[in-house]
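Here is a short report on one protein chain. It covers confidence, overall shape, surface and aromatic contacts.

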Amino acid sequence: MKKPATLKPLRRRHPRGQAMVEYSVINWVLVFGLVVAMTSDVFGNQNVIDLFLKAYQVYYDSFYMVLNLPFP
């Protein structure tokens, strides 16, 4: 009877972290782009952060104005 052929164990490479590097680079580019876009002037001399803060202040003021109405 013939002996079964022994299979050589497959030699696997250790992962080198290429996916993590690509993920980190893409996230860095996105965050950097958003920071630059949000701090640059969009409408006149107001940037996006100032516009968001102004919109939040209007929302906050209107919400509390409705809560303080004398109607039940």
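## Burial and surface

Buried means under 20% relative accessible area, exposed means over 50%, and partly exposed lies in between (1.4 Å probe, protein chains only). Of the 72 residues of the protein chain, 1% count as buried. The accessible surface comes to about 7800 Å². Carbon and sulfur atoms hold 68% of that surface. Areas come from the Shrake-Rupley method with a 1.4 Å probe; for residues, only the protein chains shown count as cover.

## Model and confidence

This is a predicted model: local features need pLDDT of at least 70, side-chain atom pairs count only at pLDDT 80 or more, and totals for chains, interfaces and linings use all residues. Residues are numbered from 1 along each chain as its sequence is written, and side-chain values use heavy atoms, with hydrogens and water left out.

pLDDT is the predictor's confidence in each residue, from 0 to 100. The protein chain averages 82, and 93% of the residues score at least 70. Confidence is highest in α1, at a mean of 89. It is lowest in strand β1 (residues 41-43), at a mean of 66.

## Fold and extent

The protein chain has 2 helices and 2 strands. These are DSSP runs, numbered from the N terminus: helices are H or I with at least four residues, strands are E with at least two. Along the sequence the pattern reads α-β-β-α. The radius of gyration is 30 Å, well over the 11 Å that the globule rule gives for 72 residues, so the protein chain is more spread out than a compact globule. That radius is taken over C-alpha atoms, and the rule is 2.2 Å times the number of residues to the power 0.38. The C-alpha atoms fill a box of roughly 100 × 40 × 15 Å along the principal axes.

## Aromatic contacts

Rings of Phe, Tyr and Trp (its six-membered ring) pair if their centres lie within 6.5 Å; planes under 30 degrees apart count as stacked, over 60 as edge-to-face and the rest as tilted. The count comes to 6 aromatic pairs. One of them is stacked: tyrosine 59 and phenylalanine 63, 6.1 Å centre to centre, with 25 degrees between the planes. Both residues lie in helix α2 (residues 48-67), 4 residues apart, about one turn of the helix.

Phenylalanine 63 also pairs with tyrosine 64. Their centres are 5.6 Å apart and their planes at 90 degrees, so this pair is edge-to-face. Phenylalanine 63 is partly exposed at 41% relative accessible area. Tyrosine 64 is partly exposed too, at 38%. Tyr56, Tyr59, Tyr60, Phe63 and Tyr64 form one aromatic cluster.
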